[in-house]
Amino acid sequence: MVDKTLFQEDHWQEYMAVNQTFALATMVAVRAALQEEPDCTPVVWVHDYHLMAVPNIVRRLAVKEDLPCKIGFFCHVPFPPWDVVKIHPWRDILLQGMLGSDLVAFQSKDFLLNFLDCCERGLGTRVDWAQGLVEQGAA
């Protein structure tokens, strides 16, 4: 089945445009929350594969504007193993997108292990397998 997969640049561009739109709308909400309660740390929850790039976009924008926020990402669908992920031409953007989160959660430990493996093998990140942690930026 994987050999029948098509990756089209125009579809990818639309996917990223949707993620950018959601991220910008999220930043409006973060700014509003901080304006209402300046001492709070807004919590942002992002759900599912449709928005995998959002956490990293929000993180970059929040850092640029020096705005505090905590970001969580929950993947409601099975996270595939490395043998499937490795064929995706934009896999690094998707993995880094999820890693923009403070917390990433999955439906099962197996899906977590798939994600950790993809981060280690695909991005070269350091992984603490016992704790289920990824050290982003580690080589």
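I'll start with a helix pair: D92, L95, Q96, M98 and L99 in helix 4 meet F115, C118, C119, G122 and L123 in helix 5. Sorted by type, the residues of this contact are seven nonpolar, two polar and one charged. Bear in mind that this is a predicted model.

How do the two helices cross? The axes of helix 4 and helix 5 come within 11 Å, at an angle of roughly 120°.

In soluble globular proteins, nonpolar side chains tend to be buried together. Here the largest nonpolar core has 32 residues, and F79, M98 and F115 touch the most other members. Elements giving two or more residues to this core include helix 1 (9-36), strand 2 (70-75), helix 4 (91-99) and helix 5 (109-123). Which element gives the largest share? Helix 1 does, with six residues.

Leaving out residues up to four places away in sequence, M98 touches M52, P55, F73, F79, V104, F106 and F115.

Last, helix 2. Its buried residues are V54, P55, N56, I57, V58 and A62. What do they pack against? The partners are helix 1, strand 1, strand 2 and helix 4. Just after helix 2, D66 has a positive phi of about 55°. That's what I have.

How values were computed. Residues are numbered from 1 along each chain as its sequence is written. This is a predicted model: local features need pLDDT of at least 70, side-chain atom pairs count only at pLDDT 80 or more; totals for chains, interfaces and linings use all residues. Side-chain values use heavy atoms; hydrogens and water are left out. A nonpolar core is a set of buried Ala, Val, Leu, Ile, Met, Phe, Trp, Tyr and Cys residues joined through side-chain atoms within 4.5 Å. Buried means under 20% relative accessible area, exposed over 50%, partly exposed in between (1.4 Å probe, protein chains only). Helices (H or I, at least four residues) and strands (E, at least two) are DSSP runs, numbered from the N terminus. Contact means heavy atoms within 4.5 Å. Axes are lines fitted to C-alpha atoms, for helices over the stretch in contact, and angles run from 0 to 180 degrees between N-to-C directions. Ala, Val, Leu, Ile, Met, Phe, Trp, Tyr, Cys and Pro count as nonpolar, Asp, Glu, Lys and Arg as charged, and the others, Gly among them, as polar.
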